[in-house]
Amino acid sequence: MTSKQATATGMITKWEGTEEAKCSLYSSLKGYPDARVAAGSTQGVQVIDGRPGLRTPEGIGIGSSESAVRDAYSGWKVAAADDPVGDHRGFVKVPGNADAYYRMMIKNKKVSELALESADQSCYE
């Protein structure tokens with residue numbers, strides 16, 4: 001989705017930054033000022049950060065249990081086998097969308113961070 005298409009949904013605030021190839025435009029979801037939306041000119045919207053109150057269609061959100069994540073997404077797994085920072089960061093494909101995935105961090109057996117990301121995002125990781 002391009003930044004213009006995202007704006008047309010009426011679900012985000014005004015873009016800030018300059019439209020360059022990589023993540024250089026930032027907005028937020030209306031009603032969730034901390035839910036960052038990042039975009040670039042060549043890849044469009046690349047990342048949407050989740051915040052408390054936002055949930056995936058499968059019902060997973062910040063505060064969901066690790067067992068609920070595993071029940072909803074059998075393909076979810078911790079990204080690093082040795083998990084050096086102990087954040088249990090993991091990824092799973094978005095059901096029905098091979099071009100996107102959810103990135104979740106689990107601390108104390110609960111989701112502490114959640115983001116919807118383009119499979120080819122260039123913002124980080």
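Is Glu117 buried or exposed? Glu117 counts as buried, at 1% relative accessibility. Buried means under 20% relative accessible area, exposed over 50%, and partly exposed in between, with a 1.4 Å probe and protein chains only.

The model is predicted: local features need pLDDT of at least 70, side-chain atom pairs count only at pLDDT 80 or more, and totals for chains, interfaces and linings use all residues. Residues are numbered from 1 along each chain as its sequence is written, and side-chain values use heavy atoms, with hydrogens and water left out.

**View 1. The open sheet.** 8 strands form an open sheet with antiparallel pairing. The order is β1-β2-β3-β4-β8-β7-β6-β5. The edge strands are β1 (16-17) and β5 (77-78), and each pairs on one side only. Strands (E, at least two residues) are DSSP runs, numbered from the N terminus. Two strands pair if DSSP finds at least two bridges between them. Strands of a sheet pair through backbone hydrogen bonds, either parallel or antiparallel.

View 2. Strand β7 covers residues 97-107 and pairs with β8 in the antiparallel sense over 8 bridges. Ala100 has Ser118 of β8 as its bridge partner. Tyr101 stands opposite Glu117. The hairpin has 2 residues between the strands. Asn108 takes a positive phi there, near 55°.

**View 3. β8 against β4.** Strand β8 (residues 110-118) also pairs with strand β4 (residues 44-49). This pairing is antiparallel, over 3 bridges. Val47 has Glu117 in β8 as its bridge partner.

**View 4. The side chain of Glu117.** Glu117 lies in strand β8. Its side chain joins that of Tyr101 through a polar contact of 2.8 Å. Another polar contact, of 2.7 Å, joins the side chains of Glu117 and Arg103. A polar contact is a pair of N or O atoms within 3.5 Å; within protein, one must be able to donate a hydrogen and the other to accept it, and residues adjacent in sequence count only if both atoms are side-chain atoms.

**View 5. Asp49 in β4.** Asp49 belongs to strand β4. Asp49 is buried, because its relative accessible area is 10%. Ser28 and Asp49 are 21 residues apart in sequence. Their C-alpha atoms are 8.6 Å apart in space.

Conventions:
Helix = DSSP H or I, 4+ residues; strand = E, 2+ residues; numbered from the N terminus.
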